[in-house]
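Let's take a friendly walk through this structure, from its packing to its charged and aromatic pairs.

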Amino acid sequence: MIIVLRSGASEQEIEEVARRLRIMGFGVHISRGVERTIIGAIGDERKANIEEKIGVLPFVEKVVPILTPYKLSSREFRGQDTVIEVGGVRIGGGKITIMAGPCAVESEEQIVYTAQKVKEAGGHILRGGAFKPRTSPYSFQGLGKEGLKLLAKAREETGLPVVTEALGIEELELVAEYADIIQIGARNMQNFRLLEAVGKLRKPVLLKRGMMSTIEELLMSAEYILAQGNYQVILCERGIRTFEPSTRNTLDLSSVPIIKKQSHLPVVVDPSHGTGRSDLVIPMSLAAIVAGADGLLVEVHPNPIEALSDGPQSITPEMFAELVNHLRRILPVLGKEL
Ligand code: PEP
Ligand code: MN
């Protein structure tokens with residue numbers, strides 16, 4: 001349920017509604033808009049009559065059920081786009097944010113050089129995995145803590161905030177110490193204990209769509225994080241498995257306008273994992289932005305042929321600069337900017 005307060009409701013009145021809801025056993029989530037404050041009451045609505053106990057208060061305008069299974073992630077709960085700020089970079093709300101970097105951190109030289117190139121071309125956030133979810137246990141698993149330290153070094157050198165993945169609860173605290181944004185990968189999208197754990201942090205989370213998950217399941221996973229009080233969630237479309245063998249995944253770009261309609265959370269698109277092919281990264285990046293994405297997550301490697309992971313889908317710094325230049329040309333048409 002959402003409780004819409006009359007405009008101009010005081011802090012005391014907001015607290016009174018919150019207090020009553022807590023007594024009734026609801027989780028309380030307050031969203032302060034420009035016009036009005038909305039309170040989300042999350043819990044089993046069948047047990048309590050909110051209308052009778054809260055709807056009657058003079059400063060309550062209306063009590064409305066949220067029809068979607070996800071509540072706090074829905075547009076009904078929050079009409080305006082959520083904008084997430086990290087290290088001076090804004091994600092969502094009309095700006096296009098570009099996150100780029102190698103699949104995995106491999107060495108100081110590799111990550112610092114890539115970060116410099118990403119920054120030079122106009123990228124905003126550095127990506128790079130220190131803990132890698134690899135299909136084979138014999139593949140390069142990432143540098144672990146050493147990788148996190150190298151990311152911090154690259155951040156120091158360039159000023160770019162860092163997004164990096166936490167594979168499990170065990171290393172979450174460590175990753176949170178170094179990362180500006182914590183990535184939850186496709187394979188962990190429904191690791192509910194991990195989602196709850198990042199929900200307890202107060203750090204932005206990049207939540208990737210599971211390769212076999214529906215849009216609704218993605219939003220339900222975001223809900224796990226928001227329900228714990230962490231509202232800084234960025235969703236990422238990274239392609240889903242289909243029968244089509246020409247690409248590693250099928251990049252479902254129709255999910256972008258669908259999510260933007262259903263949710264206030266920012267959405268970025270990962271054309272690298274979405275296609276598995278470096279030659280498709282530029283066209284699909286442009287398509288993603290035209291479809292309404294708030295940003296991109298792109299794999300860039302100084303020497304893709306020698307990359308320890310995901311070389312075939314990694315673009316060179318030169319191609320990355322070309323991508324940003326293409327974007328600069330189309331963004332004015334869309335009324336957006338980098
Ligand atoms: C990644 O971004 O490095 C990654 C492993 O992606 P995904 O979880 O989408 O496969
Ligand atoms: Mn990768």
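Is Glu 196 buried or exposed? At 18% relative accessibility, Glu 196 counts as buried, where buried means under 20% relative accessible area, exposed over 50% and partly exposed in between, with a 1.4 Å probe and protein chains only.

## About the model

This is a predicted model, in which local features need pLDDT of at least 70 and side-chain atom pairs count only at pLDDT 80 or more, while totals for chains, interfaces and linings use all residues. Residues are numbered from 1 along each chain as its sequence is written, chains are lettered from A and ligands numbered from 1 in the order in which they are written, and side-chain values use heavy atoms, with hydrogens and water left out.

## Helix H6 and its cover

Helices (H or I, at least four residues) and strands (E, at least two) are DSSP runs, numbered from the N terminus.

A salt bridge here is a side-chain nitrogen of Lys or Arg within 4 Å of a carboxyl oxygen of Asp or Glu. Both partners sit in H6, three residues apart, about one turn of the helix. Arg 193, at 53% relative accessibility, counts as exposed.

## The nonpolar cores

The largest nonpolar core has 71 residues, and Ile 182, Leu 207, Leu 235, Phe 320 and Leu 323 touch the most other members. Such a core is a set of buried Ala, Val, Leu, Ile, Met, Phe, Trp, Tyr and Cys residues joined through side-chain atoms within 4.5 Å. Helix H7 (residues 215–227) gives this core its largest share, six residues. At least three residues come from each of domain 1 (2–64) and domain 2 (84–334), with bounds taken from an automatic or database domain assignment.

Setting aside neighbours within four places in sequence, Leu 207 is in contact (heavy atoms within 4.5 Å) with residues including Ile 184, Met 189, Leu 195, Leu 218 and Leu 235.

How many salt bridges does the structure hold? The count is 20. One of them joins Arg 32 and Glu 11, whose closest N and O atoms are 2.9 Å apart. Arg 32 lies in strand E2 (residues 27–32) and Glu 11 in helix H1 (residues 11–23), so this pair ties together parts that are 21 residues apart in sequence. Arg 32 is partly exposed at 46% relative accessibility, and Glu 11 is exposed at 51%.

Glu 237 and Arg 209 form another salt bridge, with closest N and O atoms 2.7 Å apart. Glu 237 belongs to strand E12 (residues 233–237) and Arg 209 to the loop between E11 and H7, so the link spans 28 residues in sequence. Glu 237 is buried, with a relative accessible area of 0%, and Arg 209 is buried at 4%.

## The aromatic pair

Phe 192 and Tyr 224 form a stacked aromatic pair, 4.5 Å centre to centre with 25 degrees between the planes. Rings of Phe, Tyr and Trp (its six-membered ring) pair if their centres lie within 6.5 Å; planes under 30 degrees apart count as stacked, over 60 as edge-to-face and the rest as tilted. Phe 192 lies in helix H6 and Tyr 224 in helix H7, so the pair ties together parts that are 32 residues apart in sequence.
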